[in-house]
Amino acid sequence: MDPLFGGDSSNVRHGSFSNPTGPPPPYESVITDSASHSIMQAAPEHQAAAPGSGMQAGPAAANGSSSAGGGPAYSSDFEIVVADPVKQGEGVSAYVSYKVRTTTRLPQYNRPSCEVIRRFRDFVHLEGQLAEKHKGVILPPLPEKNAVQKFQMSQEFIEDRRRALQVFLNRVAAHPVLAKSASLQLFLEATEDTWAVEMARGQAAAAGAAAGGGPKKRLEDAVGWIKGLGAAATNIVGSSSRATDTAEDPEYIKVRDYLVALESHLSEAHRHAARLTAKEVELGEATLEFGQALERLGRLEEGNVSEAFSQMSSRSAELVAARRKGCEALAARFEAPLKEAVRSVRAVTAVCTDRALALATHMAAKHEVDAKKVRWAKLRGTPGSPQDKLTEAEREVSEAEERLRSSKIAYEELVATMTEELNRWQKERAADMAALLRDFALAQASMASEGVRAWSGLLAELQAVQGAAPAVAAAPATAT
Amino acid sequence: MAGFHDPLSFGAPTEDLEDLTQQLDATLGSVQPSAGSYTLGDDPLSSSAQLAGPSEHDMSYPTYGQLVTPTRDLQHQQQATAAGQVAGGSAVSTEGPAETAAPAVSDSTVTDSSSNPLDAQQQGCQAAGAEPHATAAVYSAPPEPQDSMGSIPSPHAPQQPSVELPLVVSVSDPLRREAPGMLGMKASHIEYLVSSRSSLPGWSQPEVSVRRRFNDFVGLAELLKAQFRGYFVPPRPEKNAVEGQRMSDAFVEERRAGLQKYLQRLAAHPAIGCSEALQVFLEAPGDLGSNIRWSGMLPASASVLEGAGKFSMQLIGRESRVVDPVAAAQPAARSKDLMRAMKEAAQGIGMRGGREVPLEELDLRRLREAAEEMREQLSLTSKAAEKLVGRLDQLGATAGDLGLSMFKVAKFEEAEGGALASYTGTLRYSSGLIADQKRTAAALVRISKIMGKVTGRVAQELGTLHDNLAAVPAAVRGYMSREHQMLTWHTLEGDLEAKHKALAEMDKSKVKRVDELRGDVARLELSVGAARAEYDKIKAANVAETARFAAERRAEYSAMLENFTATQVAAAERTAEVWVQLAAELGASPEQLAAVRADTGSSSDLLRTAAQPPLL
């Protein structure tokens, strides 16, 4: 049916969730394909740098592409499949569980392959862990937490999410840094009991941080300091950015503003892409209805017209059925990846926020050092200050200076990581966009060719009917 | 697209892209793509704003013409097609009168045949049809426009466009005229130039042009309705004008096209085409209202008041209660004879169970019911077609929106993306990204343009459905006039029987009374004969018109479906071509391209053998 995207995309959509396995996604082949692209030719080293490209293809591409023998320039150490979505529980507490099957060649894993059961919030926890432990890394985007759709639990929604979660995990596993993360290993390997402990620990840590102390405390101090500058509390990202802009690299500021605007441009494009798919479906419906109406009209006539109209009706029904599949392909290969591209930009702006907060922390630390120094100097200048107070003040100064140093390092490390990540991200994005646009063109071409086949088949039938009755063919056509 | 000469090739892809870039650069600032009113060059067919607007004032039926704002190109198209229509119509007219011109009229009964000029005209029509006229070749068909539709096939035209046309009509050059109106206000109206070329006998000159306003067309339609009882007179364009909009250029142009099509249909009609009424309308110089020949044809304007007066006279027996033969050949409603109308109504009720209805008459009544059923289904189909056209339009507009927003992204990347690119040292990737997005945007905009043309073409083709829907009421009216005439005839026969009976029972000594009754009987016998003759004539017209309508309708349907399908084939080919090219530009592998490429070889053969070569 769809040689282009591999044979089983419809199977996956139509609920045979039990078997999306098969051979792993041939990332290599996708990458190899993209090598024929002009940009890629200009930059062959890109292949190593953009492991995630082509991941939209997901498992559906499994049986597909033929050009896998092109010599893999890069291969992930993982093959991860998210499968078997099963609805658990009822009512408001209902959720969907997924099987996460991993095959890996990394030595630190206990076994080369394992399977665990996870639900959406486990993925969210993993994302949080990765974000906290790898500051500055641009995380692959998770699908959105959509409460309304989750409540409805439509098959389509579940399948879309399954696919998106699989893409997420494979992108994480293909990331040079994240692939080696202990958090990822725990997520992929831990038994349900171990994982439950991890989740509980995470919740406790969050509660503890809220109670006070720890690095989170200082972060909140930083936020408080920013607020102290008079910024509105409603938008920490914006206000922290503005507050720290003066201390930032002006080149970076431009990049950040660009990214924020890019997100809105891309999401507008995505909105139109979603509309386009919807309009294709609507046109199919209208074509079908028109064909049926014509057929009924033809029944009131005799002979050729009646036959021709009924041919038109059955042909258009075939065409619309084929088109429906094409629209599904369009939704999966174009609209969903475009949405992912939007979320991917959002992931970058999330890192921008982290960076702003790190800088704010650093600036708050500097402010604190100054304050402590002033206090210490004041104490020293005051005759008869008790020695223990002086010692205390001096200790506080050196502690503050220590925090200043570590916040500086944290910020600088984040900046270094982020700069590297932006480079990687940009290359990957170019490849992803090329792939999704190519898939878009191919899906559209496939639909249009289907149309040529169906309509010219009908035309041949009509001409055969006309040929059988030259009297009618020669009769006048008085209308336009 | 293998083997197609394509005058509307969008140019070399790179030029196209540059062109587009400039166009879009110019529009990006002002256009809100979400509003759906993007500007794509000056192709009026592809603008969704224009397409969406006029469809609002649609009254009873969807009118596809309103969906498509006519352009010069379209006018040409219509003229070309219309010329073809006339040619096609005349093919029927050579056969039609043979059947229709043989009403079973016993000559003694028709006392005033001049009130209905049909018979003579039909003879003339036949003569004209048989006579070769070198001058009547297709003259109004300009060369097909070179750039209007690209490779989308043009509407089906008959196979022998060179058939000689006895009468060719065009409507052009709308001109605004102001005349003093009521209350000293100036009332303005539009006058159209109606040009005819005729080889029919009785025409004073082969070519003539007159000025007519819409009201004149209304008068013509009324006159034809009265003169051609039993015929399915082609309907004139609806009045449906909203005051204030009436003078807009778009409206005037739409009306001009509608009036032209109307006259062409009349000219192509086997009986009406050579009628005196049409000839006078097309020939008479100056104001039609003040033309003697024209006003001579108008039915005597008996007012309702007059009819009411007659009614009271009839009641008290001062006025003859016997219908005269001229009136017997007129519908009761026209004659304003209220007594007669009442009688016929009573007869109509009685007839259901009483008088035996001939088999042929029953057949014709079933045909009328079938026509009414067809109107229902045509209405549904026409609505479905309108929906299809609307959806096509929306899809095209959405593709344009997506293309434009994709282009905005590319432009934004170009303008601002340098910051990231230089920051991260990925300029090369950025430029690749921008190029990909622009290529996709260009493809989408091309798709949108193709869709716009397809929408216009499909709207035109499916207009056949609407035209036929508009024609059905005329058919129903034709059947109904026969049924009414049968009532008249039977009512008169009933009267006659009653008089005969009264005469037989009458005391023969009352000589004066007997003579009076005998006079009545003699007049009634004439009237019954006239009514019957009129009935037979209408019936014959019904039969002939039924065949003509069915044949034309089916031919139109077949042509419509074939054109529609050919348009779809061509459109799918064009779009497939654009997408395959884009996929290739974006680096799809040869295997991938082969998998999605349409086999256009066989379809292009089909298009070539289509009745009218669809590609210019």
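These legends describe close-up views of a predicted model.

**View 1. Three strands of chain A form an open sheet.** The strand order is β1-β2-β3, and the pairing is antiparallel. Strands β1 (78-88) and β3 (113-119) of chain A lie at the edges. Each of these edge strands pairs on one side only. From one strand to the next, the twist averages 20°.

**View 2. Strands β1(A) and β2(A) run antiparallel.** Strand β2 spans residues 95-104 of chain A. It is joined to β1(A) by 9 bridges. A:Phe78 sits opposite A:Thr104 of β2(A). Further pairing places A:Ala83 opposite A:Lys99 in β2(A). The hairpin of β1(A) and β2(A) has 6 residues between its strands. In this hairpin, A:Gly89 adopts a positive phi near 75°.

**View 3. A salt bridge links A:Lys99 and A:Asp84.** The closest N and O atoms of this pair are 3.3 Å apart. A:Lys99 belongs to strand β2 of chain A, and A:Asp84 to strand β1 of chain A. The two residues are 15 residues apart, so the pair counts as a link between distant parts of the chain. Side chains of opposite charge can pair when their charged atoms come close. Over all chains, the whole structure holds 64 salt bridges.

**View 4. Strands β2(A) and β3(A) are joined by 7 bridges.** These two strands also run antiparallel. A:Tyr98 faces its opposite number, A:Arg118, in β3(A).

**View 5. Two helices of chain A pack on the sheet.** The strands of this sheet follow the order β1-β2-β3 (chain A). Helix α5 (residues 120-133) of chain A touches β1, β2 and β3 of chain A. The direction of α5 makes about 105° with that of β3(A). Helix α7 (residues 155-174) of chain A touches β1 and β2 of chain A. The direction of α7 makes about 150° with that of β1(A).

**View 6. Chain B and chain A bury about 8,500 Å² between them.** Carbon and sulfur atoms account for 69% of this area. B:Leu420, B:Tyr423 and B:Tyr429 supply 10% of the area that chain B buries against chain A. That is more than any other three residues supply. The contact involves 100 residues from chain B and 91 residues from chain A.

**View 7. Salt bridges and polar contacts cross between chain B and chain A.** The two chains share 7 salt bridges. In one of them, the side chains of B:Arg391 and A:Glu282 meet at 3.6 Å, N to O.

**View 8. Helices of chain B supply residues to the side that touches chain A.** Among those giving at least two residues each are α4 (72-93), α8 (249-268), α15 (359-416) and α17 (427-505) of chain B. Helix α18(B) gives the most, with 25 residues. The residues on this side of chain B divide into 46 nonpolar, 32 polar and 22 charged.

How values were computed. Residues are numbered from 1 along each chain as its sequence is written. Chains are lettered from A and ligands numbered from 1 in the order in which they are written. This is a predicted model: local features need pLDDT of at least 70, side-chain atom pairs count only at pLDDT 80 or more; totals for chains, interfaces and linings use all residues. Side-chain values use heavy atoms; hydrogens and water are left out. Two strands pair if DSSP finds at least two bridges between them. Helices (H or I, at least four residues) and strands (E, at least two) are DSSP runs, numbered from the N terminus. Axes are lines fitted to C-alpha atoms, for helices over the stretch in contact, and angles run from 0 to 180 degrees between N-to-C directions. Contact means heavy atoms within 4.5 Å. Buried area is the accessible area (1.4 Å probe) that two parts lose on being put together, summed over both. A salt bridge is a side-chain nitrogen of Lys or Arg within 4 Å of a carboxyl oxygen of Asp or Glu. A polar contact is a pair of N or O atoms within 3.5 Å; within protein, one must be able to donate a hydrogen and the other to accept it, and residues adjacent in sequence count only if both atoms are side-chain atoms. Ala, Val, Leu, Ile, Met, Phe, Trp, Tyr, Cys and Pro count as nonpolar, Asp, Glu, Lys and Arg as charged, and the others, Gly among them, as polar.
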